[in-house]
Number of protein chains: 2
Amino acid sequence: MNSVDHPTSEARASRVTIVDIARHVGVSKSTVSLVLAGSLLVHGETRRKVRQAIEELGYVYNRGAASLRSSHSSILGMVINDLANPFFTELAIGIERACQESDFIPFIANTGENIERQAQVIRSMREHGAAGLVICPAVHSDPGEIAALTEGLPVAFAMRRLEGGRGSVVVPDNRAGARAAVRHLIGLGHRRIAFFGGLPGMIVGEERVAGYRDALQDAGIAFEPSFVIEGLPTRDGGRAFVRMSLKLKKPPTAALCFSDVVAIGAIHALRDAGRVVGKDFAIIGFDDIDEAKHMSPALTSVAVDGRGLGETAARLLMQQIRSGHYADEVQIGDALLVIRASCGGAQKSGSVK
Amino acid sequence: MNSVDHPTSEARASRVTIVDIARHVGVSKSTVSLVLAGSLLVHGETRRKVRQAIEELGYVYNRGAASLRSSHSSILGMVINDLANPFFTELAIGIERACQESDFIPFIANTGENIERQAQVIRSMREHGAAGLVICPAVHSDPGEIAALTEGLPVAFAMRRLEGGRGSVVVPDNRAGARAAVRHLIGLGHRRIAFFGGLPGMIVGEERVAGYRDALQDAGIAFEPSFVIEGLPTRDGGRAFVRMSLKLKKPPTAALCFSDVVAIGAIHALRDAGRVVGKDFAIIGFDDIDEAKHMSPALTSVAVDGRGLGETAARLLMQQIRSGHYADEVQIGDALLVIRASCGGAQKSGSVK
DNA sequence: CTGAAAGCGCTTACAG
DNA sequence: CTGAAAGCGCTTACAG
């Protein structure tokens with residue numbers, strides 16, 4: 001440890017403030033404040049001198065002090081269920097990008113699907129002055145608890161919504177996407193089609209299962225409850241779902257997975273069981289993460305624009321913050337089937353609405 | 001748009017403060033402040049009453065106001081070069097985790113390797129009261145500019161360091177990792193080994209090239225400058241490096257790539273060129289991102305613990321913040337070769353120091 | 001153990 | 001166009 005003893009507090013103590021600028025230029029601090037706010041009231045020459053002094057003295061604007069006085073903050077909090085999942089990373093990137101565009105700066109928290117941590121970070125973000133929250137709630141979140149934690153704060157939900165929650169909502173068209181995927185499997189001749197992943201109470205999963213059932217019904221195929229295998233949408237989940245489904249007396253020949261992450265786990269388990277994916281068993285994922293196209297076989301998936309959803313959610317939130325009014329607008333994004341090798345049949349890849 | 005007209009500002013205006021708590025309990029605000037700070041000076045019964053009032057009135061601590069007065073903040077800024085790269089996502093996750101452990105809350109910014117954006121977000125984070133910065137600097141960052149932007153602020157560099165920069169540094173042992181990788185290729189019989197990616201001025205790349213040269217020298221193989229192909233370490237870069245190397249009069253038979261992302265691009269280009277990776281051409285990546293093991297062929301890679309590096313960097317930074325003293329400790333993490341199918345030869349996978 | 005006073009760095013009416 | 005004054009919600013000596 002070769003730490004050097006420059007006390008950083010020294011630098012902090014000598015912080016130059018608006019008063020120093022005022023003194024240096026020979027005006028009042030009100031005038032400096034006006035210049036900082038970009039007011040046109042101030043005389044051009046005065047403005048110039050103030051700006052120059054700011055430059056010379058190395059002044060750093062203290063937004064914390066400004067927020068305290070004005071009670072406006074340009075900090076937004078993003079609360080993400082699982083940053084290690086590439087889909088949610090994209091969501092986070094979108095939120096961050098929208099912030100940069102609008103001169104907001106985001107707090108970030110990864111809850112890891114843990115609702116205690118989620119409650120804690122929401123409290124922390126409030127205390128630290130977040131003006132609003134973009135939330136992708138952890139599995140098993142209690143809508144009432146979230147409502148209480150965010151009381152008085154604008155919120156926007158991205159990708160996952162809560163039953164009866166207040167706030168803007170930006171989600172993909174899960175039902176239509178799932179329906180298109182299953183329709184495709186049926187078109188390839190499959191009749192015994194499973195759905196892997198998702199938990200009761202997860203609206204995303206329920207919507208996808210609804211689309212799955214729509215497609216079956218469209219084709220006159222009876223719904224088989226044992227083909228819907230619920231569980232945490234993780235890689236390990238995917239492995240487990242395959243093992244369970246292969247134990248059925250009449251196993252499925254294809255599956256729509258809750259997510260690409262689940263599909264990856266499923267493909268591994270199928271391989272372990274000696275099945276050739278795309279030939280013996282068709283797999284379709286959901287999300288179309290970057291990895292999907294690089295897998296072997298390449299994964300057919302329902303593409304969701306995570307980055308776009310994140311951007312939109314952040315924009316809707318910032319709109320609420322700026323307007324000073326809550327909103328509960330719902331925006332539905334696309335969910336488009338991208339056909340690759342993992343469901344066989346298709347030689348060329350393509351995209352289907 | 002079905003926005004409801006609840007003015008959020010109303011909720012904000014009615015914010016309950018320390019004074020409300022004091023009045024409700026019948027003590028002074030100093031006493032309440034002491035309770036909030038967890039002081040044992042305050043009488044147990046008084047403490048209890050204050051806590052109860054806090055609960056009842058739904059008080060939210062205003063850390064912004066506290067910071068203004070005390071000039072201590074528990075906000076840390078993380079400035080990441082490319083969040084879409086899974087390796088740096090892991091780094092970010094590690095930083096965030098360390099923050100949660102220590103009751104810090106992180107700002108996040110994705111610079112996308114853009115140095116203008118980087119300068120902007122650093123300024124923004126300062127203005128918003130970040131007490132210190134974990135930086136993974138964008139390619140082409142100017143050490144002098146970064147030093148100026150962060151003057152007076154504690155900083156820690158993760159994964160990438162800057163020439164002559166002040167601050168803590170946490171990086172993997174790039175040289176040893178690269179050396180082990182190339183030694184492995186030599187052991188498999190390769191003599192014409194390339195290095196793909198990295199730019200002049202990127203210390204990470206220079207260190208990895210140094211390790212590459214070490215291994216060649218150890219084996220008495222002459223260094224061939226045309227085998228070191230520099231460029232941006234992206235997927236597209238990887239494709240380009242392969243195309244360039246195959247045009248050489250005597251092309252290489254193996255390559256160590258700057259990163260897994262580069263390796264993925266390289267593998268695609270090799271496939272396009274009709275080469276069988278792991279047989280006609282050996283590829284080793286760097287980072288060992290999650291995807292590496294799921295590729296086909298599975299990618300041999302030098303494993304770097306991104307999450308761990310992030311955690312350590314954040315901890316060193318928080319230590320500086322809390323102590324009030326700068327530090328420039330350097331910590332070197334492991335870089336271990338993980339052998340898989342992409343370099344052929346190995347039937348079973350293993351790990352080599 | 002508790003309270004009164006000052007002050008952190010800003011903004012915001014209000015005068016002039 | 002510019003300045004003096006008050007105040008945002010806290011903490012921090014300083015008394016008692």
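Helices (H or I, at least four residues) and strands (E, at least two) are DSSP runs, numbered from the N terminus. Keep in mind that this is a predicted model, where local features need pLDDT of at least 70 and side-chain atom pairs count only at pLDDT 80 or more, while totals for chains, interfaces and linings use all residues. Residues are numbered from 1 along each chain as its sequence is written, and chains are lettered from A and ligands numbered from 1 in the order in which they are written.

**Exercise 1.** Find A:Phe104 and work out whether A:Phe104 is buried or exposed.

Solution. Start with the place: A:Phe104 sits in the loop that lies between H6 and E2 of chain A. Next, count neighbours. A residue is buried if 20 or more other C-beta atoms, placed from the backbone, lie within 10 Å of its own, exposed if 12 or fewer, and partly exposed in between. A:Phe104 has 24 C-beta neighbours inside 10 Å, so A:Phe104 counts as buried. Now list its contacts (C-beta atoms, placed from the backbone, within 7 Å). Leaving out residues up to four places away in sequence, A:Phe104 touches A:Ser74, A:Ile75, A:Leu76, A:Cys99 and A:Met318. Take A:Met318 from that list: A:Phe104 and A:Met318 are 214 residues apart along the chain, yet 8.4 Å separates their C-alpha atoms.

**Exercise 2.** Work out which strands flank E10(A) and how they run.

Solution. Begin with E10(A) itself, residues 300-303: A:Thr300 and A:Val302 point one way, A:Ser301 and A:Ala303 the other way, and all are buried. Then look for pairing, which takes at least two DSSP bridges between two strands. Strand E9 (residues 282-287) of chain A runs parallel to E10(A), with four bridges joining them. Here A:Phe286 stands opposite A:Val302. Strand E12 (residues 336-339) of chain A is antiparallel to E10(A), joined by three bridges. In E12(A), A:Leu336 is the bridge partner of A:Ala303.

**Exercise 3.** Which residues of helix H3 of chain B are buried, and where around the axis do they lie?

Solution. Go along residues 29-36 of chain B, and you find B:Thr31, B:Val32 and B:Val35 buried. They are on the same side of H3(B), because they cover an arc of only 100° around the axis (taken from the directions from the helix axis to the C-beta atoms). Helix H2 (18-25) and helix H4 (44-57) of chain B are among what covers them. After H3(B) comes B:Gly38, with a positive phi near 75°.

**Exercise 4.** Describe the surface near DNA strand C.

Solution. Being near a strand takes a C-beta atom, placed from the backbone, within 6 Å of it. By that rule 25 residues surround DNA strand C, and the closest are A:Ile18, A:Ser33, B:Val27, B:Ser30 and B:Arg69. Helix H3 (29-36) and H5 of chain A, with H3 and helix H5 (63-70) of chain B, each give two or more residues to this surface. H5(A) has the largest share, five residues.

**Exercise 5.** How many residues of chain A are in contact with chain B, and which element supplies the largest share?

Solution. First the count: 55 residues of chain A are in contact with 56 residues of chain B. Then the share: E2(A) supplies the largest one on the side of chain A that touches chain B, six residues.

Note on methods. Contact = placed C-beta atoms within 7 Å.
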